[in-house]
Amino acid sequence: MMLITISEDTLTLSPGNTVIFRDQTWEDYQRLLNLRQETSIPKLSFNLNTQEIRLMSPLPSHGKRIDLLRNLVRILLEKKGLDWECFDPITLKIPPVAGVEPDTCFYINNRQGILGKDKLNLTVDPPPDLAIEVDFTSITDINAYEVIKVPELWIYRQENLNIYLLEGESYQDSSTSRLFPDFDVKTVLPQYIELGWNQGSSLALRQFSNL
């Protein structure tokens with residue numbers, strides 16, 4: 001059963017549900033962000049091109065897979081000897097055209113550009129190098145990410161990892177990661193995500209670390 005509540009001071013959506021509001025404006029999006037106050041649920045996105053606001057409230061299974069993916073990426077970065085900054089939750093906005101909230105994201109190449117900042121302004125600050133979404137109960141608006149210009153976007157859906165690389169103004173589906181060109185993330189990571197789901201996160205991460 002879906003339950004959404006919107007009042008003068010409340011915005012709630014029951015877990016496992018997605019709602020799309022059409023014919024919306026940037027001001028409508030900002031109003032919902034303000035109603036949500038300091039919480040990160042439901043997730044909100046806005047795309048001026050489609051005039052849609054999307055609300056999504058995740059299930060626990062969504063959160064566990066994100067946690068596994070986040071930690072798998074950290075292990076890969078450590079193996080490469082790279083520094084990073086990881087953010088979640090985070091709202092990435094370019095007024096008045098788009099706003100997205102990745103399940104998790106990483107600053108790697110652009111890391112120096114955001115160190116020490118309490119708030120990010122994507123009109124002057126760089127976007128994250130990698131954004132990750134798990135589409136368990138919803139479908140990510142890829143076009144909104146194109147506006148934000150995140151160089152690499154991963155979307156995990158139905159045990160498949162889709163990799164999108166920004167080429168010019170649009171994403172191209174790719175079989176390899178630009179950030180990890182020597183590692184088959186598309187094939188290997190889903191194996192360990194599902195291993196973690198079925199047999200436990202610590203087991204999956206430990207085995208992955210020993211690859």
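1. Five strands make up an open sheet with antiparallel pairing, in the order E3-E5-E4-E8-E7. Strands (E, at least two residues) and helices (H or I, at least four) are DSSP runs numbered from the N terminus, and two strands pair if DSSP finds at least two bridges between them. Strand E3 (17–21) and strand E7 (92–94) are at the edges with a single partner strand each, so one side of each has no neighbour in the sheet. On average, neighbouring strands here are turned by 15 degrees against each other, direction ignored.

2. The model is predicted: local features need pLDDT of at least 70 and side-chain atom pairs count only at pLDDT 80 or more, while totals for chains, interfaces and linings use all residues. Residues are numbered from 1 along each chain as its sequence is written, and side-chain values use heavy atoms, with hydrogens and water left out.

3. Phenylalanine 46 stands opposite glycine 99 in E8. Helix H1 (residues 26–36) packs on this sheet and touches E3, E4, strand E5 (52–57), E7 and E8; its direction makes about 170 degrees with that of E4. Contact means heavy atoms within 4.5 Å. Axes are lines fitted to C-alpha atoms, for helices over the stretch in contact, and angles run from 0 to 180 degrees between N-to-C directions.

4. An open sheet of six strands has mixed pairing and the order E6-E9-E10-E11-E12-E13. Its edges are strand E6 (85–87) and strand E13 (170–174); each has a single partner strand, so one side of each lacks a neighbour in the sheet. From one strand to the next, the twist averages 25 degrees.

5. E6 pairs with strand E9 (residues 104–107) in the antiparallel sense over three bridges. The bridge partner of phenylalanine 87 is cysteine 105 in E9. Cysteine 105 is buried (under 20% relative accessible area; exposed is over 50%, partly exposed in between, with a 1.4 Å probe and protein chains only), at a relative accessible area of 0%.

6. Counting a disulfide as a pair of cysteine sulfur atoms within 2.5 Å, the model has zero disulfides. The sulfur of cysteine 86 has its closest cysteine sulfur in cysteine 105, 6.7 Å away, which is too far for a bond.
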